[in-house]
Amino acid sequence: MPNPTYRHLGDHTETVDIEFNPDETSYEDLLKMFWKNHDPTTQHKRQYMSAIFFHGEEQRTQAERSRDELQKMLARPIATVIAKAETFYEAEDYHQKYMLRQYPQLISALKLTDSELIKSSVAARLNGYIGGFGSVEAFNAEKKAFGLSPDLLELVRRKINSRMA
């Protein structure tokens with residue numbers, strides 16, 4: 001089904017498309033994080049299935065190898081699908097950077113259009129911190145990259161602390 005929506009998903013799977021800098025992190029490290037952060041043996045309907053969509057033969061080989069290595073340590077079979085990445089449809093704007101969107105003052109300070117917000121690594125990092133992923137120490141180490149006022153930096157610190165409590 002072309003151009004799926006949240007209400008009319010058709011045969012699509014909700015997923016994320018990750019751009020990464022191989023000079024900073026490896027595909028292998030991303031795979032390790034993927035396997036570590038969910039139960040790949042759980043069967044789900046297509047909308048929420050566990051999947052790795054690869055770009056190129058090297059990624060396919062690495063994904064399959066990582067799956068096979070993990071399978072040796074698990075009693076239940078891995079249900080994760082490994083398939084070629086095809087057309088990727090972005091979710092509607094209101095689903096993009098969902099946690100960050102709960103703080104309009106942060107969105108406004110970033111001075112990004114909706115389409116820029118989707119692609120912004122700064123917005124993605126802030127969304128993660130607001131969502132409870134990352135420590136105050138990590139946030140403080142990169143706070144200059146966000147270009148936020150002292151008041152907004154403190155708001156993010158408070159949200160991080162409240163999620164960690």
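Mentor: Let us begin with one pair of side chains. In this predicted model, the side chains of Ser 50 and Thr 80 make a polar contact of 2.6 Å. The side chain of Ser 50 also has a polar contact with that of His 38, at 2.8 Å.

Trainee: Where is Ser 50 found?

Mentor: Ser 50 lies in the loop between helix H1 (27-36) and strand E1 (51-54).

Trainee: Does Ser 50 count as buried or exposed, and why?

Mentor: The general idea is to compare the relative accessibility with a cut-off: under 20% is buried. Ser 50 has 10% relative accessibility and therefore counts as buried.

Trainee: Which residues is Ser 50 in contact with, leaving aside its neighbours within four places in sequence?

Mentor: They are Phe 34, His 38, Pro 40, Ala 79, Thr 80 and Val 81.

Trainee: How should I read a nonpolar core?

Mentor: In soluble globular proteins, nonpolar side chains tend to be buried together. Here, the largest nonpolar core has 19 residues, and those touching the most other members are Leu 100, Leu 106, Leu 110, Leu 126, Phe 139, Leu 148 and Val 156. Two or more residues of this core come from each of helix H3 (104-110), helix H5 (121-130), helix H6 (136-142) and helix H7 (150-164). H7 gives the largest share, five residues.

Trainee: Which residues does Leu 106 touch, not counting those up to four places away in sequence?

Mentor: Leu 106 touches Leu 100, Ile 130, Leu 148, Leu 152, Leu 155 and Val 156. There is also a second, separate core of nine residues, including Trp 35, Ala 63, Ile 78 and Ile 82.

Trainee: How many helices and strands does the protein chain have?

Mentor: The chain has seven helices and two strands, and along the sequence they follow the pattern α-β-α-β-α-α-α-α-α. Of its 165 residues, 30% count as buried. Among contacts with a separation of 6 or more, 62% join residues 24 or more positions apart.

Trainee: What box do the C-alpha atoms fill?

Mentor: Taken along the principal axes, the box is roughly 50 × 35 × 30 Å.

Conventions
Residues numbered from 1 in each chain as written. Predicted model: local features only at pLDDT ≥ 70, side-chain atom pairs only at ≥ 80, totals over all residues. Heavy atoms only, no water. Core = buried A, V, L, I, M, F, W, Y, C linked by side-chain atoms within 4.5 Å. Buried < 20%, exposed > 50% of the residue type's maximum accessible area, 1.4 Å probe, protein only. Helix = DSSP H or I, 4+ residues; strand = E, 2+ residues; numbered from the N terminus. Contact = heavy atoms within 4.5 Å. Polar contact = N/O pair within 3.5 Å; in protein donor to acceptor, adjacent residues only side chain to side chain.
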